[in-house]
Amino acid sequence: MYQRNSTPLLLDLLAEFRILYLTGPRQAGKTTIAKSIAAERGMQYLSLDEEGVLAAARNDPHGFIQSFAGQNLVLDEFQYAPELTSAIKRVSDNLPPGQKGKFLLTGSADIFSSARTQEALPGHMARVELWPLSITEIRGSRFNLIDYLLAGDFSYQQALPELGREQLAQILLDGGYPEVQSKSARGKSIWFKSYIQGRLFKDFETLYAARGEYHAKLQALIPYLAGLSGNLLKYASVANDLAQNDQVIRSYIEALEWMFIIKRISPFVKNSAKRETVGMPKLHMVDTGLACHLLGIKTARQLATSAIFGNLLESFIVMECFKHMGWAEEEVGVYHFRDTSKNEVDIVLERSGGKLIGIEIKASASVGEADFKGLVQLAEFVGDRLEAGLVFYSGERVLPFRVGGQQFFAVPISLLLAEVVNAD
């Protein structure tokens with residue numbers, strides 16, 4: 001079993017809030033953590049994925065919750081019974097001020113972002129996203145990328161492992177779902193097929209009141225989106241290519257994001273300069289292993305020589321940022337930057353005070369001045385708000401570059417894997 005680096009945070013939040021909502025994709029490890037916390041804290045564990053439990057919850061939501069009045073309760077797969085929301089709210093509102101950790105809810109779909117849940121839980125609920133395993137968790141490390149970036153110390157001189165293209169491709173091919181890490185290539189393929197057919201469609205039907213035959217539409221849309229990972233999302237283009245209604249495509253994409261299959265990254269803009277930037281979101285697949293399965297990519301060599309390799313590497317780094325935020329010391333906003341002259345920066349991290357960190361991602365083992373072009377434009381766009389500008393590449397050393405009067409750094413992607421920088 002993999003150690004999840006966000007577990008200490010979850011325990012801290014249960015000590016501070018009456019309700020904790022742990023959400024994220026199916027098979028990311030939420031149930032494992034929920035059962036572990038239930039055992040450690042003496043909470044009653046119930047799964048709404050069990051037919052009898054779900055039937056009881058839907059039949060009498062208030063009576064169901066009241067029957068556990070004397071216990072702290074874990075409700076796994078909460079998205080199946082949003083009817084319980086008002087009952088949980090009532091109990092939570094009536095708790096003594098000092099009583100915390102009453103409910104731990106888990107959900108494989110972010111129902112509190114959907115229109116189907118009409119009433120949000122009260123302000124004393126904390127929400128945490130649990131993504132598939134980060135590469136550091138797979139390697140058994142607690143190194144945190146966000147903390148490293150925000151610390152701003154890029155003076156590291158020791159050579160790091162150089163990652164060959166096929167090595168990187170294998171990391172992308174493996175993805176982050178815990179269950180697939182030890183499986184053969186054939187086993188991974190079978191698992192992903194089951195994941196799509198058995199669970200994704202079921203959750204989609206639960207979350208989205210689809211009209212007519214939607215399976216065929218999803219079976220066309222999801223692989224299409226996998227091929228779009230790392231690109232700007234133009235809804236009209238997707239609709240035209242799939243010969244579907246634009247509004248239906250938008251609503252399906254929104255539902256897939258609630259289910260943590262895809263992630264849309266908003267553009268970074270300044271209110272005074274909206275016309276200088278492109279206002280479209282960028283789309284990323286949450287798991288590169290699932291993306292490879294959807295695209296029919298089965299080997300590292302096949303991926304390493306494919307046109308989508310660089311885009312999936314970008315999606316991998318983007319999602320590592322989200323994963324590491326689960327145990328980082330500071331929260332950040334995640335954006336992308338693209339101006340009307342097509343200068344772009346793959347990731348823009350915004351701190352609470354407004355300072356920014358720009359990150360470009362290159363699949364190459366070499367890096368040159370031209371690779372910092374987008375960062376130079378971002379620096380001109382935001383001025384002194386840019387705290388650091390980095391190019392992630394597959395080489396072996398942290399290298400300083402001075403371009404356009406600005407100090408930038410090239411940082412090896414293998415920083416995520418190197419034990420020497422992973423010490424607590």
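Predicted model: local features only at pLDDT ≥ 70, side-chain atom pairs only at ≥ 80, totals over all residues.
**Entry 1: F260**

Is F260 buried or exposed? With a relative accessible area of 3%, F260 is under the 20% cut-off, so I wrote it down as buried. I found F260 in the loop between α12 (246-258) and β7 (262-265). Then I looked up its backbone angle: phi of F260 is near 65 degrees, a positive value, and the residue is not a glycine. I made a note to go with that: most residues other than glycine have a negative phi.

**Entry 2: K342**

I looked up another positive phi. K342 is not a glycine either, and its phi is about 70 degrees. Its place is in the loop between β9 (333-338) and β10 (344-350). At 62% relative accessibility, K342 is over the 50% cut-off, so this residue counts as exposed.

**Entry 3: E314**

Next I went to helix α15 (residues 309-324), where E314 lies. E314 has 6% relative accessibility, so I marked this charged residue as buried. Which side chain does E314 join through a polar contact of 2.7 Å? I found that it is the side chain of K282. Leaving aside neighbours within four places in sequence, I listed G230, K282, H284, D346 and I361 as the contacts of E314.

**Entry 4: the nonpolar cores**

I turned to the largest nonpolar core, which has 89 residues. Which residues touch the most other members? They are L149 and F392. Helix α15 came up again here, as it gives the most to this core, with nine residues. I then followed L149: beyond four places in sequence, it is in contact with F154, L349, I357, I359, L390 and F392. Apart from this core lies another, of 23 residues, and A57, L75, A81 and L84 are among them. A general point for my notes: in soluble globular proteins, nonpolar side chains tend to be buried together.

**Entry 5: A126**

I found A126 in strand β5 (residues 125-129). Its relative accessible area is 8%, so A126 is buried. Setting aside neighbours within four places in sequence, I noted contacts from A126 to L13, F17, I19, L20 and Y21. I also looked up how A126 and I308 are placed: they are 182 residues apart in sequence, and their C-alpha atoms are 37 Å apart in space.

**Entry 6: the second largest pocket**

I read off a volume of about 530 Å³ for the second largest pocket. There are 24 lining residues, and the closest to the centre of the pocket are G29, K30, T31, T32 and I33. Which element gives the most to this lining? It is helix α2 (residues 30-41), with five residues. I sorted the lining by type and got seven nonpolar, nine polar and eight charged residues.

**Entry 7: the cavities**

How many cavities of 30 Å³ or more does a search of the whole structure find? It finds three.

Technical notes
Residues numbered from 1 in each chain as written. Heavy atoms only, no water. 1 Å grid on protein atoms, 1.4 Å probe; cavity = no way out; pocket = protein on both sides within 12 Å on 5 of 7 lines; lining within 4 Å. Points joined across faces, edges and corners; volume = space filled by probe spheres on them. Helix = DSSP H or I, 4+ residues; strand = E, 2+ residues; numbered from the N terminus. Buried < 20%, exposed > 50% of the residue type's maximum accessible area, 1.4 Å probe, protein only. Polar contact = N/O pair within 3.5 Å; in protein donor to acceptor, adjacent residues only side chain to side chain. Contact = heavy atoms within 4.5 Å. Core = buried A, V, L, I, M, F, W, Y, C linked by side-chain atoms within 4.5 Å.
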